[in-house]
Amino acid sequence: MKGWGIDMWGRLSLEALPHDIVTIGGVVGGGLAVLAGVAALTYFKKWGWLWREWITSLDHKKIGIMYMIVAVVMLLRGFADTLMLRAQQAVFGAGDGGPISADLFQQVFSAHGTIMIFFVAMGILFGALNLIVPLQIGARDVAFPLLNSISFWLFVAGMMLMNLSLAIGEFSTAGWLAYPPLSGLEYSPGTGVDYWLWSIQIAGIGSLLSGINFLVTIFTMRRKGMTLMKMPIFTWSVVGSMALVLWAFPILTATLAMLTLDRTIGTNFFTSDLGGNPMMYVNLIWAWGHPEVYILVLPAFGVFSEIVPVFSRKKLFGYKSMVMALMAITVLSFTVWLHHFFTMGAGANVNAFFGIMTMIIGIPTGVKVFNWIFTMYKGKVSFTSPMIWFMGFVVTFTLGGLTGVLLSVPGIDFQMHNSLFLVAHFHNMIIGGVVFGLFAGITYWWPKFTGFYLHEKLGKIAALCWIVGFLVAFVPIYILGLMGAARRLDSYDPSLGWQGLFVVAAVGVLIIGLGVVVQVAQVAYSIWKRKELRAPHDAWGGRTLEWYAHTPVPEYNFAVLDTVKSRDEFWQMKQENRFRSKSTLLPIELPKNTSAGFLIGMTAGLIGFAVIWHIWWLVVIGVIAVVGLVIWANLREETEFELSVGEILRHEKSMKRAGL
Amino acid sequence: MKQAAVKFTNYKSSLGFWIYLMTDCLIFASLFATYIVLLPGTAGGPGPKDIFQMPLVLTETLILLTSSFTVGLAMIALSKKNIKQAIWWLAATYILGVAFLTIELFEFGVLVSEGHSWQASAFLSAFFVLVGTHGLHILIGLIWLLVMVIVLLRRGLNSKSSRQLGLFAMYWHFLDLVWIFIFTIVYLMGVAS
Amino acid sequence: MLEKVEKLIKQLSSFLTMKRIYITASLGLVIAFLVMFLMLPGKNIALLDPKGLIAEQQLDLLVFTTLLGLVVIIPVFVLLFVFAYKYRASNKKADYQPDKKDNVLLEIIWWGIPILIILLLSVVTWVTTHQLDPYKPIESSKEPVKVQVVAMQWNWLFIYPDHGVASVNELPMPVGAPVEFSITADAPMSAFWIPNLGSQTYAMNGMTAKLHLVADKPGVYPGMNTNINGEGYAKMRFKANAMSQAEFDAWVSRAAGSDNHLDWNEYTELSQPTKDIPPRYFMLHESDIYDRVIAKYMDHGGGNKSTDNQNSGHNHEGMGH
């Protein structure tokens with residue numbers, strides 16, 4: 001009989017600590033990094049500053065920056081996973097053994113996919129949304145600042161659970177979408193799948209709340225005069241992306257909840273006996289999963305639609321058709337999920353229908369590419385580093401589009417499904433599309449929030465490393481797919497002769513790694529040389545309202561809210577030289593800091609941890625705490641403070657004196 | 001003579017709340033879809049016909065419909081700034097909500113005690129989780145209602161509390177609507193099939 | 001210290017001119033591609049080297065679709081680099097029209113051409129999806145060979161019900177005769193694939209998926225699982241051995257006469273999670289093993305998964321709508 005002491009901690013015991021050398025290395029490395037951070041904060045007495053200026057802040061710009069920092073740190077972890085996967089396949093895959101066991105290999109690729117999608121791509125995406133959207137629509141804040149903070153801290157809680165699995169317990173071995181019955185209790189009795197479920201469930205609810213927040217922000221808080229068809233195209237892309245969040249994430253929430261119940265209280269939704277139906281899970285998860293791809297890539301399209309006109313010094317070609325294309329992609333992305341499992345035995349009619357719907361998405365996407373290219377036509381194109389990212393994006397993304405069309409034909413997909421060809425294709429879309437887009441955006445908007453440029457040459461070198469590295473890493477993966485290599489193999493038959501191509505792919509990853517190192521160096525060097533790299537408020541000759549705001553952006557964004565007259569409002573203002581505001585300065589209300597978001601997020605994480613380890617009393621405490629915190633957050637009175645006209649004037653003057 | 005109208009809506013928060021209700025609707029849609037797919041998955045156990053007690057369910061339905069009505073009456077009272085009457089109607093709503101939940105839990109209890117728990121088959125899993133998720137929403141609504149009534153008693157009616165009550169009314173009617181779907185698709189069609 | 005670093009950076013920076021960087025990048029790319037393509041001769045590039053009718057048709061489809069895609073992609077690449085070069089900021093001769101009006105004709109062209117291409121591809125897709133439907137029997141003068149496939153953790157069992165034999169991790173098949181696979185799993189969802197012969201199919205508990213393939217040339221072709229189903233996933237491989245009818249018949253009589261008998265007990269032992277069992281042949285002692293594997297997941301008399309093998313795989317179309 002188990003004693004009270006053991007029961008009290010559920011499944012948790014010393015056994016949960018890592019045993020193999022690779023994981024221990026990861027835990028020690030990660031632990032040292034956290035310790036170093038804690039030590040630095042203590043030494044420089046920055047805890048109070050961290051709490052007041054960042055953790056409890058409801059300023060959308062600060063929340064955006066925090067999203068970025070978390071996402072970039074997670075990018076480094078996800079990239080470390082990549083190195084392990086590629087090293088295994090290039091060095092040990094053809095033999096037997098090596099330091100990474102099959103089980104660990106499966107944990108690593110499951111973690112890699114989960115981290116890169118949920119905590120890197122989504123993190124940078126929401127970071128960018130927070131930073132840019134309110135400024136672009138000329139607003140002072142998002143619609144619900146507290147909800148925004150809650151979303152962010154739920155995202156952090158999910159991230160923490162995800163990383164905790166490294167130190168306490170294990171991670172899922174069922175891949176990034178954890179199909180049952182493999183992810184069911186019968187085949188995965190450990191805590192790995194539970195960690196996966198709770199980390200993305202919590203982060204996903206955060207994303208859902210953000211979706212509501214940004215859609216309401218865009219629909220209700222646009223500057224007067226900014227009609228929908230005068231909205232900057234990045235904001236339009238966010239409308240599409242957030243509409244998809246609202247449609248797709250509830251499905252994810254419900255699906256994950258059902259799998260959690262299967263694993264926790266013994267329901268039979270997706271079990272392979274007692275009437276359960278694993279295929280239902282596959283349908284539901286892709287009904288979320290496919291739109292998710294567009295949630296990520298639409299804003300990347302938006303970024304390029306901002307960058308290309310600015311650096312071509314010419315207005316965007318075909319604004320209306322860009323908007324149409326964006327909305328078409330948004331709607332169509334819900335009609336294609338079955339193309340992720342053509343080989344599951346649906347009839348030819350169904351397969352053909354979903355294949356054709358998938359190809360149709362290629363039309364608006366192609367139109368966007370042509371519109372970008374024709375924006376350069378009769379422009380004055382300066383090849384700054386964002387434009388290098390753009391060139392790389394068009395080349396790689398178009399290739400990915402071609403392989404995507406191939407995969408959308410069921411007859412071809414029957415041969416390529418679950419092969420490395422498929423793996424190369426979606427990395428092609430995510431790296432060539434989403435990542436290049438987001439990096440271009442970071443480089444482009446960096447000076448707005450810091451007051452200095454990122455070093456241009458280093459930026460160009462980094463972009464080239466990524467582009468060349470991407471091609472060297474993934475062309476061999478395409479070829480391996482054509483050779484009949486399945487995905488997720490930790491070992492393969494050496495007589496097939498795949499090793500050479502895996503080595504080339506690993507070299508490609510190292511080139512990308514060099515790019516990452518150069519990017520880190522770029523940021524460090526730019527901070528060091530920030531005085532030489534100082535940027536004016538209109539850093540690039542911008543066209544949209546964010547470039548009209550001061551640099552760095554004050555807490556209230558804009559002192560006055562003048563009516564918008566045209567599509568490229570700031571460009572037009574510069575053309576007509578109308579900078580004198582006719583509005584009078586009024587006091588501004590801004591949200592007060594609150595710890596509610598942080599506390600709710602962390603408590604949600606605690607509930608997740610407690611359920612994973614079956615520590616039921618802690619679950620009860622956690623639930624009561626969350627309910628209490630939500631009530632408390634709701635009852636807060638006087639959630640805003642007022643900035644008087646005098647203070648605003650003082651602030652505006654100090655900005656002018658700084659020469660900005 | 002002109003009475004200043006109490007504002008129940010705020011453009012931002014009511015749009016936000018509508019969108020939230022839509023996402024909640026999609027959660028229920030996912031659960032409904034799963035329920036329909038898993039309906040034949042009884043694993044040799046009982047199907048809908050064998051376990052539903054229609055008199056109880058009908059009572060639940062009437063109670064919930066009535067509670068939607070009382071919320072409406074409370075809102076009318078509030079718009080006339082008659083706080084005392086509003087609180088009475090809200091209290092009635094609260095009692096009806098508790099009654100609804102009690103009957104639902106009783107129904108669940110009977111099923112479990114007869115060996116038809118959520119573990120017995122996929123159909124029962126889907127049933128318990130679909131109906132239970134609605135019940136959980138009712139529970140959350142009841143906690144929300146309780147807090148608001150206390151706030152109303154302590155702080156009186158202001159723009160914030162009236163806005164929240166407006167949102168609550170929306171939420172409660174929404175749950176009523178979801179229940180109508182559950183009643184029709186799960187219970188009526190289940191018994192008829 | 002800092003000054004030294006600064007000096008070093010300056011030196012490095014003046015050495016690494018953008019021109020040199022671009023040249024290095026291009027050279028690196030060329031070398032990498034050369035190395036890759038030098039690796040290819042002598043390798044089995046299965047999808048481009050089909051050994052059966054289905055894989056051949058799929059290769060034709062692949063080539064056709066790629067060529068069609070190039071119709072859009074080549075103009076994109078050409079226009080991208082031509083415009084980028086011609087309208088570079090340093091080119092003072094180029095025309096500059098910052099407020100150039102949208103050109104409706106141009107936009108109609110690039111909405112129109114992709115629409116036409118996709119229209120054509122849709123027709124092709126509709127036809128080929130039906131033609132290549134894994135459930136569709138292959139027309140042939142020869143009698144199809146029936147094979148029941150069970151994906152286990154982590155081995156493949158092939159049962160030849162008409163021949164009264166079975167085999168683990170090796171799939172002997174006669175050249176030229178269509179093979180009718182019935183595929184199920186006694187493991188988490190797995191997938192059956194022989195790249196040289198064509199189409200893959202998921203294998204799922206309690207259900208049968210159908211697949212029809214044919215080998216037109218003799219040879220030993222790698223086969224595998226492509227869907228992760230646990231720790232031994234990567235080791236879950238088999239060899240599809242296409243041989244002449246005479247060789248196949250000889251193999252069947254060898255297996256039928258062997259001392260290895262496959263009955264339910266033997267099956268239960270075989271289906272325990274293991275990796276890398278060397279190929280083995282059996283005389284089929286009980287003919288209903290495949291049906292019993294399927295029934296395992298319907299012990300409780302469940303109603304939703306039919307044992308009617310012909311239809312059950314097609315039952316789930318339309319799910320989730």
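How much area is buried between chain C and chain A, and what share of that area do carbon and sulfur atoms give? Before we get to it, keep in mind that this is a predicted model. The answer is about 10100 Å², with carbon and sulfur atoms giving 72%. If you wonder what such a figure is for, the size of an interface is often given as the accessible area lost when the parts come together. Counted by residue, the interface brings 112 residues of chain C into contact with 118 residues of chain A.

Side chains of opposite charge can pair when their charged atoms come close. Between chain C and chain A the count is 3 salt bridges. One of the pairs to look up is Asp95(C) with Lys378(A), a salt bridge in which the closest N and O atoms are 3.2 Å apart.

Now widen the view. Over all chains, a search of the whole structure finds 19 salt bridges. Asp194(A) forms a salt bridge with Arg11(A), and their closest N and O atoms are 2.9 Å apart. Asp194(A) sits in helix H7 (residues 192-220), while Arg11(A) belongs to the loop between helix H1 (4-8) and helix H2 (21-43), so this pair ties together parts of chain A that are 183 residues apart in sequence. How well covered are the two partners? Asp194(A) has a relative accessible area of 5%, so it counts as buried. Arg11(A), at 28% relative accessibility, is partly exposed.

Asp194(A) has another partner as well: its side chain meets that of Arg263(A) in a salt bridge, at 3.0 Å from N to O. Arg263(A) lies in helix H8 (residues 233-264) and Asp194(A) in helix H7, so here the parts of chain A being tied together are 69 residues apart in sequence. In this pair, both Arg263(A) and Asp194(A) are buried.

Over in chain C, have a look at Glu286(C) and Arg292(C), whose side chains meet in a salt bridge with an N to O distance of 3.5 Å. Glu286(C) is partly exposed, with a relative accessible area of 25%. Arg292(C) is partly exposed too, at 33% relative accessibility. Back in chain A, salt bridges that share partners join Arg11(A), Asp194(A) and Arg263(A) into one network.

An α-helix has 3.6 residues a turn, so residues three or four places apart point the same way.

What is it built from? Chain B has 6 helices and 0 strands, and from the N terminus on its elements run α-α-α-α-α-α. Taken along the principal axes, its C-alpha atoms fill a box of roughly 70 × 30 × 25 Å. Chain B has 193 residues, 54% of which count as buried. Look at its contacts with a separation of 6 or more, and you'll find that residues 24 or more positions apart account for 82% of them. The accessible surface of chain B comes to about 8800 Å², with 72% belonging to carbon and sulfur atoms. As for charge, chain B carries 11 positive and 7 negative side chains, and the centres of these two sets lie 30 Å apart.

Technical notes:
Residues are numbered from 1 along each chain as its sequence is written. Chains are lettered from A and ligands numbered from 1 in the order in which they are written. This is a predicted model: local features need pLDDT of at least 70, side-chain atom pairs count only at pLDDT 80 or more; totals for chains, interfaces and linings use all residues. Side-chain values use heavy atoms; hydrogens and water are left out. Helices (H or I, at least four residues) and strands (E, at least two) are DSSP runs, numbered from the N terminus. Buried means under 20% relative accessible area, exposed over 50%, partly exposed in between (1.4 Å probe, protein chains only). Contact means heavy atoms within 4.5 Å. Accessible areas come from the Shrake-Rupley method with a 1.4 Å probe; for residues, only the protein chains shown count as cover. Lys and Arg count as positive and Asp and Glu as negative; His and the chain ends are not counted. The place of a charge is taken as NZ of Lys, CZ of Arg, CG of Asp or CD of Glu. Buried area is the accessible area (1.4 Å probe) that two parts lose on being put together, summed over both. A salt bridge is a side-chain nitrogen of Lys or Arg within 4 Å of a carboxyl oxygen of Asp or Glu.
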